[in-house]
Amino acid sequence: MIKILIVDDEKPICDLIDLNLSSAGYHCVSVQDGLKAISLIEEEDFDLVLLDIMLPGADGYDIMEYIRPLKIPVIFITAKHEVKDRVKGLKLGADDYLVKPFDVVELVARVEAVLRRYHKTEQILTAGDVVVDVEARRVTKGGKPVVLTNKEFGLLLLFIQNKNVALFRENLYEKVWEGEYFADSRTLDLHVQRLRKKLGWEHNLVAVYKVGYRLEV
């Protein structure tokens with residue numbers, strides 16, 4: 001399982017990130033102190049570090065200098081939003097830079113993008129008795145194959161990667177159809193209905209009022 005270190009001095013933010021990434025199938029460890037983060041990196045192996053800049057003990061830039069020779073991918077997550085801060089973080093070797101406050105769906109997407117770049121993505125995803133082989137684009141339920149269209153498969157990946165997270169219909173449409181969403185479009189709803197039927201998720205894939213959909217597992 002992919003192991004991610006979350007370094008942020010605000011515990012509620014650590015807990016929020018942990019909750020959403022754990023729901024997406026990642027194993028998370030969090031710490032609120034820079035020096036403790038360095039100790040953890042020395043003791044354990046991590047596939048990715050999510051790193052705040054303003055930290056007690058040692059700031060994010062100091063930690064980045066320590067991490068760089070280890071070739072561990074890093075995403076800065078910080079309230080420092082000025083261009084000079086982004087440039088400094090990226091020049092130090094960070095793979096991405098996300099400014100607070102952030103959307104959890106965007107965070108998960110950025111994590112996935114960085115992990116793909118390092119060939120560290122999980123190729124087998126599960127939700128109950130549904131198993132998805134990402135590389136082979138093969139889906140089974142209870143061991144039996146399920147035939148999905150390309151759009152249905154794209155939606156399924158987003159739902160499984162964001163378990164128990166409410167996803168905005170605009171984001172779902174734009175990611176799967178790669179176009180602008182129109183409020184009167186029924187395309188997304190029809191695809192979700194078919195996905196529910198094929199996977200037996202009538203009670204798992206729920207509509208969230210004025211938001212979109214959520215996969216409950």
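## A strand covered on both sides

Let's start inside this predicted model, with strand β3, which spans residues 48-51. Both of its faces are covered: L48 and L50 are buried on one side, and V49 and L51 are buried on the other.

## Who sits beside β3

What does β3 pair with? Strand β1 (residues 3-7) runs parallel to β3, and four bridges join the two. One place to look is I4, whose bridge partner in β3 is L48.

β3 also pairs with strand β4 (residues 74-78), again in the parallel sense, this time over three bridges. Here L50 stands opposite I75 of β4. To get from β3 to β4, the chain passes through helix α3 (residues 60-67), making a β-α-β crossover that is right-handed.

## Salt bridges across the chain

Now for the charged side chains. How many salt bridges does a search of the whole structure find? The count is 17. Some of these contacts join up: D8, E10, D52 and K100 are linked in a network of salt bridges.

Other contacts can be looked at as pairs. R117 and D95 meet through their side chains, with 3.9 Å from N to O.

## Two more pairs to find

K141 and D129 form another salt bridge, with an N to O distance of 3.0 Å. This pair links distant parts of the chain, twelve residues apart: K141 is in strand β8 (residues 138-141), and D129 is in the loop between β6 (124-127) and β7 (130-133). K141 is partly exposed, with a relative accessible area of 25%, and D129 is partly exposed too, at 39%.

Finally, take a look at K84 and E82, whose side chains meet in a salt bridge at 3.8 Å, N to O. K84 is exposed, with 60% relative accessible area, while E82 is partly exposed at 41%.

Methods. Residues are numbered from 1 along each chain as its sequence is written. This is a predicted model: local features need pLDDT of at least 70, side-chain atom pairs count only at pLDDT 80 or more; totals for chains, interfaces and linings use all residues. Side-chain values use heavy atoms; hydrogens and water are left out. A salt bridge is a side-chain nitrogen of Lys or Arg within 4 Å of a carboxyl oxygen of Asp or Glu. Buried means under 20% relative accessible area, exposed over 50%, partly exposed in between (1.4 Å probe, protein chains only). Two strands pair if DSSP finds at least two bridges between them. A crossover is right-handed if, with the strands pointing away from the viewer, the path from the first strand over the helix to the second runs clockwise.
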